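Below are a colleague's notes for someone meeting this model for the first time. Please read them with the structure open beside you.

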Amino acid sequence: MTHIAEGGLDDPRVVELLRTHLNRARAETARGSAHALDLSGLRVPEVTFWSAWDGEARATLLGIAALRRLSAEHGEVKSMHTAEAIRGRGVGSALLAHVIEFARSGGMSRLSLETGAWPYFAPARALYARHGFVECPPFGDYRPDPNSVFMTLVLAPPGPA
């Protein structure tokens with residue numbers, strides 16, 4: 001069972017998966033077009049970070065995800081990465097659903113993201129689309145870039161308790 005926990009940036013396995021994420025993002029897009037956050041970028045107060053594990057014992061790291069608060073109403077999905085060996089098993093979907101629910105319950109009305117336009121990023125774009133994200137213009141500090149795809153999701157308010 002996938003257990004998603006807030007934090008984990010001090011765990012060497014998380015640091016290694018984040019390093020893999022950064023290296024792949026930079027290798028699979030044009031110079032200057034990779035916008036993945038490094039460890040220091042994930043440690044700032046406006047970022048919430050999660051790690052996904054196989055069970056509560058945290059024996060095996062499955063994936064990572066983060067949410068950067070751009071404003072009270074708008075968040076950005078960052079650092080989505082699933083370990084290569086377990087891709088296609090729903091971990092990315094579980095992480096993304098967790099981020100969406102966290103943002104919604106925190107009062108955000110919109111989530112956006114930037115991902116790569118190159119073929120390597122096609123599965124990520126498909127995952128985001130399955131969760132309701134649609135392409136949009138650049139947001140925040142981003143500028144138009146042929147190597148980037150920008151996506152957004154309008155969040156419905158949380159339902160009654």
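1. A124 is partly exposed, with a relative accessible area of 22% (buried means under 20%, exposed over 50%, and partly exposed in between, with a 1.4 Å probe and protein chains only). The residue sits in helix 4, which covers residues 122–130, and although A124 and A25 are 99 residues apart in sequence, their C-alpha atoms are 12 Å apart in space.

2. The model is predicted, so that local features need pLDDT of at least 70 and side-chain atom pairs count only at pLDDT 80 or more, while totals for chains, interfaces and linings use all residues. Residues are numbered from 1 along each chain as its sequence is written, and side-chain values use heavy atoms, with hydrogens and water left out.

3. A124 is also among the residues nearest the centre of the largest pocket, together with M80, H81, R87 and Y128. This pocket has a volume of about 730 Å³ and is lined by 34 residues, which divide into 14 nonpolar, 13 polar and 7 charged.

4. Several elements, including helix 1 (12–27), strand 5 (110–116) and helix 4, each supply at least two residues of that lining, but the largest share, 7 residues, comes from strand 4.

5. Helix 3, another contributor to the lining, has 15 residues (91–105) and reaches 21 Å from its first C-alpha to its last, close to the 21 Å expected at 1.5 Å a residue. Among its buried residues are V91, L95 and I100, and just after the helix G107 takes a positive phi of about 90°.

Note on methods. Helix = DSSP H or I, 4+ residues; strand = E, 2+ residues; numbered from the N terminus. Expected span 1.5 Å × (residues − 1). 1 Å grid on protein atoms, 1.4 Å probe; cavity = no way out; pocket = protein on both sides within 12 Å on 5 of 7 lines; lining within 4 Å. Points joined across faces, edges and corners; volume = space filled by probe spheres on them. Nonpolar A, V, L, I, M, F, W, Y, C, P; charged D, E, K, R; others polar.
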